[in-house]
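Trainee: I'd like to learn how to read pockets and sheets in a model. Can we go through one together?

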Amino acid sequence: MPPARPPGDMGLWQLPTGTYSTRAALAVTGGSPFEQRAFAATAVLVRHPLGDLLVDAGFGAAVDEHVAMLARMERPPYHRAGTARAQLEAAGYDFRRLLGVVVTHVHWDHVSGLDSLDAPVWMNSAEAGYGAEDKHGAVYRAVSETTATRSYEMADGPYLGFPASWDVHGDGSVVIAHAGGHTPGSVVVFVALPSGERYGFIGDLTWQLDGITRGAERPWFMRRVADVDPELVRTGLERSIALRDVVHIVPAHDVSAYDPIPRLEQVDPSGTVDA
């Protein structure tokens, strides 16, 4: 494993903002057409003394409007919970600590919550171009009208099998690696904690843990519809599978994948986050 020196007061918390439903047969090869899967829309808070980050934004205050912007066949039944902002406010979070939101990619269910966070979105140039032009970037374009963008590039070389990366704080605790395939600039966010645990937030390289535990890709039709480069997605999935014994792999939409991560409850005046 690459070296990492996470500071002792670093931490990780999940902020589940809701779920939406799809049939297992559309989610993963071998899934049942009779089984409904709940897809997570969860943001993750990464606390670091040099500044905090959110990984993805989940559902926003205007999620109803955002779903209505999708093509009719793409509109899922969904259940909304509190937005990431509402959960942070309820915990007494100091928003001055928040450097921005690292989106794994710009699809609606990852960026909707940007509408209420008032924080910069961090994005590489390949993903910014996709978000500006592709039909699946409509919600991103809507929420980014009032959202600042911080551009980054991955100039730190290969990381855990992925071809390019950026060590955000320079201590190996938060590393953004280029995955591509699902969208041109989609990324994996690796987080190393003081406990020695490591997490890999792999976005939509697979929607469900079946992709990691049994190597199951999306069904053929969904690969053609959802991925700009299905073969590159498969490569990224294989890289993720190879790490599963040393990294907690978290597909963005598997509710159970977030189970090891505590929920945010309270932030005391000194800045400590309790779960």
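Trainee: How much space lies in the second largest pocket?

Mentor: The general idea first: rolling a probe the size of a water molecule over the atoms shows where empty space is left. A pocket here is an open set of points on a 1 Å grid over the protein atoms alone, where a 1.4 Å probe fits, with protein on both sides within 12 Å along at least five of seven lines; lining residues have an atom within 4 Å of a point. In this case, about 170 Å³ lies in the second largest pocket, volume being the space filled by probe spheres set on the points. This is a predicted model, where local features need pLDDT of at least 70, side-chain atom pairs count only at pLDDT 80 or more, and totals for chains, interfaces and linings use all residues. Residues are numbered from 1 along each chain as its sequence is written, and side-chain values use heavy atoms, with hydrogens and water left out.

Trainee: In what order do the strands of the open sheet run?

Mentor: Strands of a sheet pair through backbone hydrogen bonds, either parallel or antiparallel. Pairing takes at least two DSSP bridges. Here the order is E8-E9-E10-E11-E12, with mixed pairing, and E8 and E12 are the edge strands. E8 and E9 pair antiparallel over 3 bridges, with Trp 166 opposite Ile 176.

Notes: Helices (H or I, at least four residues) and strands (E, at least two) are DSSP runs, numbered from the N terminus.
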